[in-house]
Structures are given as structure tokens and as C-alpha cells.
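Me: I would like to go through this structure by question and answer. Please keep the answers plain.

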Amino acid sequence: MEQRLRWHVERCLGWIHVAGDEQLMVNDEPFEVPQCPEELLSPRVSRVVHDEGHDTWPSWKERDGQYGEVHWGVMPGFKKIIAPEKFLDALGEVVRVCRCNHQPTDKPWVGYWWLWPSPIVLPPWHAPGTWTELRRVGTRMKVDVDGFIRWMAHRARGKKDVIVLLGYPIPALWKRAPVEVHWQALLPPDVPTMIKPMKGFRPNPRGRNERLRRDTFGGTKKLSYLKTSNWHPDRLQARGRFPGHIRTSSIAVIGAGALGSTVAELLARGGVANILIVDHDDLEPGNLVRHTLVGADLGRNKATATAARLQGAAPMSSISAHAASLPCGDRLQKLLEPIDIVVDCTGEDEVLRRLGDAWWTIPRRFLSASLGFAAKRLFLFGAHACAFPFEEFAAAVKPWLAAERSQWSTAGETLEGAGCWSPLFPARCDDVWLGAVATVKYLESMVQGASANGLRVLEQSLDEGIAGYRVVDLDAASADANVADEGGAP
């Protein structure tokens with residue numbers, strides 16, 4: 001305990017010495033925004049999020065001192081979290097449209113943005129706490145605080161739930177050029193429908209403006225800050241994501257069963273921006289042993305429920321569902337026209353036939369992923385073509401089917417219990433998930449051009465108790481099976 005206290009005291013003394021030498025902020029160190037006092041956070045909204053980054057900075061570069069309106073939406077899957085849908089300037093022209101996926105808000109939130117030329121701070125480096133302190137910063141920067149208040153109050157009269165975004169450009173490193181806008185949300189005071197003139201002033205615009213300046217937005221009134229976060233994908237995915245050429249691809253996952261739902265999860269959490277999930281089945285109790293969905297989703301369509309779940313895990317991605325069987329002909333072509341990569345996880349020939357019968361003028365990548373008996377083998381067939389090469393796939397996989405059938409006949413059928421006549425596909429959850437990881441890794445190598453088209457068969461192997469995959473051919477797999485049948489170790 002004494003050592004810990006000593007460490008804190010030494011750190012505090014070091015900070016004081018550095019601050020005294022004005023060395024708290026040194027060139028090329030990571031830029032830090034001022035923190036808003038915790039006691040000023042409002043309980044009326046849990047959080048406001050935005051998606052500003054280097055890619056949105058060009059929309060703001062020439063707008064110092066400007067302001068306008070914000071249209072709000074609710075983040076799906078996140079209660080009481082709202083985000084801008086779009087920003088408009090003071091004339092109603094669109095400044096930028098945000099990438100967030102939105103749902104209509106329960107409350108008619110009203111929003112305004114106000115961009116300052118540099119960080120809104122009082123020396124040495126703290127956020128203003130009152131309207132007087134905000135005016136003091138504005139005077140130093142030549143920002144007309146009362147001018148904005150008059151503009152906003154005229155539009156916000158009689159409206160509740162108004163949110164203002166105070167913003168300013170920030171660099172990635174101290175003393176470098178700005179790369180994005182930092183927003184801080186606050187709740188301004190309610191403006192009455194009828195603004196009475198300040199006592200001692202005539203009932204004219206000047207009298208009403210004095211009411212706003214001295215009373216409604218009076219100097220001692222605190223700024224009511226809201227928790228504000230930047231949810232740009234570069235920040236949300238900073239801990240780990242796919243390379244850019246995969247993230248920017250549109251990917252369809254056909255089949256939202258145990259394998260497909262896990263593949264879709266890995267893609268969503270890896271930062272893929274657009275995912276379509278296709279499945280006609282509903283979630284059954286027996287699926288829970290290895291599916292990514294839970295009991296609350298029983299009876300729901302697998303594609304719809306999986307898409308909704310993953311939208312909450314990847315709020316800046318667009319994840320949609322086609323809650324029906326894969327269509328044929330023109331409807332199939334239309335459904336997958338925007339798609340760059342098609343991943344089939346159904347293990348059904350009919351699905352692959354339909355993909356083979358369709359034709360797209362622009363080639364796309366196809367990957368068929370299916371599990372063998374007990375998920376000990378993983379069959380991966382990749383192609384880059386205008387249609388899935390079904391005949392080539394069927395010829396390549398045919399010799400393996402006999403080996404798979406022999407394992408099924410030796411092990412016997414798996415049934416759920418008495419009264420059940422339909423055999424099940426036996427495989428543990430960890431084996432399925434291992435197959436999903438290998439599928440996504442192989443997809444990544446395909447997109448990077450490191451994997452050739454055609455069939456690859458992976459087989460589980462144990463190395464000192466650690467599970468993994470090895471690439472096998474049919475002769476090696478048959479030899480291993482014969483050794484195993486004779487009681488030896490493969």
C-alpha cells in the first residue's frame with residue numbers, strides 16, 4: 001500500500017514539474033481532447049455518438065464558425081443512444097450524410113451543430129463549465145456566442161429535447177494539421193415559445209435578446225454536457241479487423257445455421273461494411289447447442305435474428321437479412337447484384353445449382369464451405385467467375401462423398417430422442433467454430449490472391465493436444481482411415 005501511494009505521489013509531482021515548464025503538450029505526442037466535468041453529464045440521454053474521421057474531414061475544412069441543423073436517429077440495438085443521420089447548413093443544404101444505421105426516435109430530438117476554429121478550452125486545458133466561460137473562450141477566438149444563441153433560440157422556441165453539438169478540428173498528433181472534427185454534445189436550456197423582453201428593456205428584438213443573454217443562457221448557468229463518443233469504424237475496430245479490401249466488400253452469407261451464423265459473426269466483428277444473410281429456417285431448441293443465437297430468439301427466422309444481433313455488434317456496418325430460400329433466375333440475380341463475395345454455408349447442392357444457373361456480367365468471388373462428418377473435415381471450394389462453376393465443384397467433391405458416407409454408416413444415425421425420425425448432423429460447437437475460423441481465413445487469402453480456385457479439403461489434426469487443420473488429399477485421407485480401422489494411430 002505504501003509503495004502504491006508513493007508511486008501516485010511521485011507521478012503527481014512529476015506532472016506538476018512538467019506543467020510548470022509548459023511541457024504537458026509536446027509536439028508529435030498523441031493529441032488529447034479536454035475532458036468535460038463528470039458532474040455536468042446529463043441523465044436524459046445515455047450517449048450521443050458520431051462517425052467523424054479522416055474520410056469526413058473534407059466536408060468540414062472550410063466551415064469554421066458556421067452552424068446548422070442535425071437530424072437524429074436511434075442506433076439499432078442500443079437503448080437511449082442517438083446519432084446524427086445528416087448535417088445541414090444554416091440554409092438547409094446537406095453538409096454530409098452519416099454512415100450510421102438508424103431507426104426512428106421515440107422522442108422528436110432537435111439538433112444543431114456549431115463548428116469552432118480550435119479546441120474550446122480555458123487555460124491551461126479544461127472545458128468551460130458555464131455559459132459565461134463559453135463566452136470567454138468565444139471572445140478569445142472571435143466566435144460570436146450570442147449570435148449563435150439567437151439563431152438557435154429562434155428555431156428551438158417551445159421545443160423540448162434539443163441537443164447542440166459543439167465541434168472543432170483536431171489533429172492526430174500535437175502541432176500537426178487537423179484530420180477530423182471532434183464533437184461534444186450538450187443540452188441547452190429550454191427556450192419558451194414566447195420570449196419576454198428582459199426587465200427594463202422595451203418589448204423589441206433587443207429586449208428579447210437580452211432575456212436570452214442574461215436569463216435563459218445566463219452567465220452562471222452550467223453547461224449540461226452529454227456523454228459523446230466517436231464511433232467511426234477506425235475507432236471501433238482499432239483492436240483488430242480485416243484488411244481494407246475485405247472490409248469494403250459486400251458479402252452474402254447463404255445459410256445462417258451453425259456454420260453460417262458463426263462465419264457471419266466473424267465477418268461483422270472483423271469490420272465488413274455490408275453483409276447480407278440468407279436463410280428460410282427458424283431457430284429450433286436443438287440449434288442452441290452450437291448456434292450463435294440464444295433462447296430469446298427461438299421461433300424467429302435465423303437470418304433475421306442473426307442480422308439483428310450482429311447489427312448490435314457492428315453498429316457502423318449495414319447487415320440485412322433475406323428471410324426466405326435463395327430464389328432462382330432473375331430474382332437471384334437481382335438479390336446478389338450488389339454483392340462482391342458469395343459465401344455458401346448450406347452444404348446443399350440445390351443452392352449451388354442455383355448459383356451456377358445465374359449469371360452476372362461482373363465476376364464475383366464464390367466460396368462454398370461445408371463440414372464433413374462430425375465436422376472433422378472442412379470442404380472449401382473457391383471460384384472467381386460470373387456464375388458458380390457447379391459442374392466443376394460436383395466433379396471435385398464426388399470422390400470425397402464415398403469416404404464421408406462410410407463414416408456415417410459406421411457411426412450410425414444420430415437422433416434427438418424417442419419419437420424423432422429425422423437424423424441430425426453430429427458435430428460439437430467447438431469443431432463448427434473451428435471450421436468457421438478456417439473458412440474466414442481462407443476467404444481472406446482468396447481475396448488477397450493467395451489461394452487458387454478449386455477444392456481444398458482440410459482435416460482436423462492434433463499436435464500435442466492442440467487442434468488445428470491440415471490440407472489433405474483423397475489418397476492420404478483414405479490411408480489414414482484404413483490405419484484407424486485397423487486400430488492404429490493415423
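Me: Which residues does S59 touch, not counting residues up to four places away in sequence?
Reply: Contact means heavy atoms within 4.5 Å. Leaving out residues up to four places away in sequence, the residues that S59 touches are V95 and R96.

Me: What kind of model is this, and how are residues numbered?
Reply: Residues are numbered from 1 along each chain as its sequence is written, and side-chain values use heavy atoms, with hydrogens and water left out. The model is predicted: local features need pLDDT of at least 70, side-chain atom pairs count only at pLDDT 80 or more, and totals for chains, interfaces and linings use all residues.

Me: Is S59 buried, partly exposed or exposed?
Reply: S59 lies in the loop between β1 (47-50) and β2 (67-74); helices (H or I, at least four residues) and strands (E, at least two) are DSSP runs, numbered from the N terminus. Buried means under 20% relative accessible area, exposed over 50%, and partly exposed in between (1.4 Å probe, protein chains only). With a relative accessible area of 25%, S59 is therefore partly exposed.

Me: How far apart in space are S59 and E180?
Reply: In sequence, S59 and E180 are 121 residues apart. In space, C-alpha to C-alpha, the distance between S59 and E180 is 9.8 Å.

Me: Are helices α3 and α4 roughly parallel or roughly perpendicular?
Reply: The axes of α3 (residues 145-156) and α4 (residues 205-216) come within 10 Å and cross at roughly 110 degrees. Axes are lines fitted to C-alpha atoms, for helices over the stretch in contact, and angles run from 0 to 180 degrees between N-to-C directions. Angles under 35 degrees count as roughly parallel, over 145 as roughly antiparallel, 65 to 115 as roughly perpendicular and the rest as oblique. So α3 and α4 are roughly perpendicular.

Me: Which residues of α4 meet α3?
Reply: On the α3 side, the residues are D146, I149, R150 and A153. On the α4 side, they are N209, L212 and R213.

Me: How are α7 and α8 placed relative to each other?
Reply: Helix α7 (residues 258-269) and helix α8 (residues 302-313) pack with their axes 10 Å apart. The angle between α7 and α8 is about 25 degrees. α7 and α8 are therefore roughly parallel.

Me: What is phi of D161, and is D161 buried or exposed?
Reply: D161 is found in the loop between α3 and β6 (162-171). Its phi is near 55 degrees, a positive value in a residue other than glycine. At 12% relative accessibility, D161 counts as buried.

Me: Where is A374, and what is its phi?
Reply: A374 sits in the loop between β14 and β15. A374 is buried, with a relative accessible area of 17%. Although A374 is not a glycine, its phi is positive, about 60 degrees.
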